[in-house]
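Let's take a friendly walk through a protein model, starting with what is packed inside. Have the structure open as you read.

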Amino acid sequence: MYCYVEHIDEDFLKQQGTQPRKNGERPVGAQVEKLVHLALPVRLIHMPNGERGGLEIACTYDIHPRGARLRSSRDLKVGDFVTVERGRMKSICQVVWAADPDSPLRGQFTVECVEGNKIPWEDELRQMEEQYLPVIPDLPYRKQPMNAFRRGEQNRRRRPRFHVDGDANLAEIGGFSRVEGRLEELSELGCLISSGDLLTPGTALRLVLNMCDVSVALRGHVRYTAQNRAMGVEFQEIRQGDRPLLDYVLRKLKKPRVEDFADLEVMTDHLAKRAAAG
């Protein structure tokens, strides 16, 4: 049982009638509905510039209906094309995410299939189900008002919150309600989502958060709604395999942005001029 991966020249894709996606962009409406944390032995054969490269033995981290997350010791970039082959099934894929080389996830990347009716791990996906783990395994769940995202209560927050640009897909557990919204704020224990359609506080839900080019699936419930435009969601469980991705996002959000340093430089320069004038 193995997976064969090789680089594919873009001209070959055009000959096959496949339109490559630019900058790893996802097709409209695409969403990973099912993802299984599973290590499958793989063989990676890199083909830079259409030439056969060295052999690399690796494995998958996660598999989903449109691709997989893998690891490589080579430098793979978003937009690279690869052919994935396992057994008699073959699919042309594109790298849609590559981890920051300075992060603990360095070397990991995600591919999505852009051609082929079957995926190399179709049988495993059919037989296995997603598994969820507690967000905080060493702390029992306590029924208390969620305060992680209420304004003016910074001293009571259990985890730091961060502003983030992303989108969220929510589905009511045991119901039919589905909501799409914008992800505004994120912490280890919850998030704030703005949407034109709000769910009632107490609603149990499964949510997929798309941010920083990765997707994270969680289970939780709505803790409160604010001013008929946003709702605070408290996390209870996270999909197995997604915890490193959530930590990856939180770590990126903690880093000061370049524009923050630019603003600081302008302010410092302004204060220096005022001091000199005085």
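## The largest core

In this predicted model, the largest nonpolar core has 33 residues. Those with the most contacts inside it are Leu 170, Leu 186, Cys 191, Leu 207, Leu 209 and Phe 235. At least two residues of this core come from each of these elements: β10 (162-172), β11 (178-186), β12 (190-194), β13 (204-211), β14 (214-226), β15 (230-239) and α3. The largest share, five residues, is supplied by α3.

Leaving out residues up to four places away in sequence, Leu 170 touches Ser 177, Arg 178, Val 179, Ile 193, Leu 199, Leu 205, Arg 206, Leu 207 and Met 231.

## A second core

There is also a second, separate core of 20 residues. Among its members are Ile 63, Cys 93, Phe 109 and Trp 121.

## A look at helix α3

Helix α3 covers residues 243-254, twelve residues in total. From its first C-alpha to its last, α3 reaches 17 Å, close to the 16 Å expected. Its buried residues include Leu 245, Leu 246, Tyr 248, Val 249 and Leu 250.

## Thr 60 in strand β4

Now move to strand β4 (residues 55-64), where you will find Thr 60. Is Thr 60 buried or exposed? Thr 60 counts as buried because its relative accessibility is 1%, and the cut-off for buried is under 20%.

The side chain of Thr 60 reaches two backbone atoms: the oxygen of Leu 38 at 2.7 Å and the nitrogen of Leu 40 at 2.9 Å. Beyond its neighbours within four places in sequence, the contacts of Thr 60 also include Ala 39, Val 42, Ala 68, Arg 69, Leu 70 and Trp 121.

Definitions and conventions
Residues numbered from 1 in each chain as written. Predicted model: local features only at pLDDT ≥ 70, side-chain atom pairs only at ≥ 80, totals over all residues. Heavy atoms only, no water. Helix = DSSP H or I, 4+ residues; strand = E, 2+ residues; numbered from the N terminus. Buried < 20%, exposed > 50% of the residue type's maximum accessible area, 1.4 Å probe, protein only. Polar contact = N/O pair within 3.5 Å; in protein donor to acceptor, adjacent residues only side chain to side chain. Contact = heavy atoms within 4.5 Å. Expected span 1.5 Å × (residues − 1). Core = buried A, V, L, I, M, F, W, Y, C linked by side-chain atoms within 4.5 Å.
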